[in-house]
Amino acid sequence: MAKMHADDCIIVAMWYTQLGYKPNLVGQALVRTKRDFKIGAILQSAETPTMQIVLEGLRRAAEELRVSGVELIIRELRGLDEELVLEGIEELTSLGIQGLAISPNNTAELRQCINGLYEQGIPVITLNSDLPGSKRICFIGMDNYRAGQTAAGLMCQMLPDASKVLPLTGHLNNTAHNNRLNGFLDTPNQQNSHNLRIMPFQPCFDRDDYAHEITQHALRENPDLIGIYVASNGQEGVCQTIEEEGRKGKVKIIAYDLNEPNMRLLQSDSLNIVLDQEAFEQGYHPPFLLYEYLMHHKLPEYALIYTDIAIRTKYNSDLVAFTNHAHALK
């Protein structure tokens with residue numbers, strides 16, 4: 001499937017803000033064309049706050065599609081584990097699913113498995129993280145490379161010339177994490193800018209204890225370290241270390257996802273910027289697109305459906321606004 005340029009891809013957030021999209025209207029329309037289908041969904045790193053928001057999107061879709069005779073079977077996995085994913089796919093196919101939404105690892109075996117499902121007539125949509133080169137019918141999530149570029153540009157604006165910055169990533173076999181890291185690393189070179197001295201990246205595997213240890217070592221070995229980029233999870237461990245080392249306010253931190261822990265870190269001035277990816281939409285829309293494909297043999301309009309890259313600070317990320325937004329979606 002040919003990869004499309006980001007500018008050609010629809011931004012899902014616009015469905016709410018510009019087109020007046022109403023989820024309950026979709027559910028009502030589907031009632032009129034009821035037909036039984038069984039769809040599976042597999043979420044990895046389901047224990048993280050962001051994937052919990054994705055999960056809420058899936059659950060909302062399940063409620064709305066149920067009236068149309070669609071059963072959505074959700075499997076939640078801790079961490080990234082290819083073997084568990086493959087076992088989950090085998091289980092769901094044995095239950096008779098006709099479509100699958102999945103947050104995948106980027107591995108050859110999983111790519112082969114998804115290609116096999118496609119050949120069997122079971123369409124697959126990847127969400128949150130993509131699996132390039134596979135026969136998935138589309139991907140829904142952030143343009144993670146461009147998000148990494150955005151983070152680099154913001155870091156350049158926040159810090160003086162020749163500032164030392166530590167990048168942290170999560171899992172090396174996660175496409176989203178790698179693309180965010182690569183976008184961040186590539187951008188200063190593309191701009192011929194020398195105002196970031198980027199240290200070798202460190203993987204923390206989405207664990208705050210690992211991030212705490214890495215940050216503590218980096219700060220003690222590099223007193224001139226004044227910027228940290230967290231490309232996945234681990235920001236709570238980073239912020240805790242900075243406070244323990246007496247460096248709060250002196251080290252700028254950019255992280256991802258507007259969830260409740262990150263809102264509190266923003267409000268306490270522990271985090272400076274969060275790049276949000278509209279996680280709810282990433283869970284909500286794949287089941288509807290799979291239903292459309294199964295019901296009407298209609299492919300998604302785009303192979304890459306990018307959610308927005310929203311820049312959040314303490315001034316536009318308070319808990320009241322977040323709660324009101326969540327209620328507006330219900």
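Predicted model: local features only at pLDDT ≥ 70, side-chain atom pairs only at ≥ 80, totals over all residues.
Started with arginine 207: its charged end sits over the ring of tyrosine 210, 4.1 Å from the centre. My cut-off for a charge over a ring is NZ of Lys or CZ of Arg within 6 Å of the ring centre and within 35 degrees of the ring normal. I found arginine 180 over the face of tyrosine 256, at 4.1 Å from the ring centre.

I number residues from 1 along each chain as its sequence is written, and side-chain values use heavy atoms, with hydrogens and water left out.

Next, ring on ring. I searched the whole structure and got seven aromatic pairs (Phe, Tyr or the six-membered ring of Trp, centres within 6.5 Å; planes under 30 degrees apart are stacked, over 60 edge-to-face, the rest tilted). Phenylalanine 139 and tyrosine 306 have ring centres 6.5 Å apart and planes at 75°, so I logged the pair as edge-to-face. Phenylalanine 139 is in strand E5 (residues 138-142) and tyrosine 306 in strand E12 (residues 304-307), so this pair ties together parts 167 residues apart in sequence. Strands are DSSP runs of at least two residues (E), helices of at least four (H or I), numbered from the N terminus.

I then checked burial (buried is under 20% relative accessible area, exposed over 50%, partly exposed in between; 1.4 Å probe, protein chains only). Phenylalanine 139 is buried at 4%, and tyrosine 306 is buried at 11%.

Then I looked at tyrosine 284 and phenylalanine 288: centres are 4.9 Å apart and planes at 45°, so the pair is tilted. Both residues are buried.
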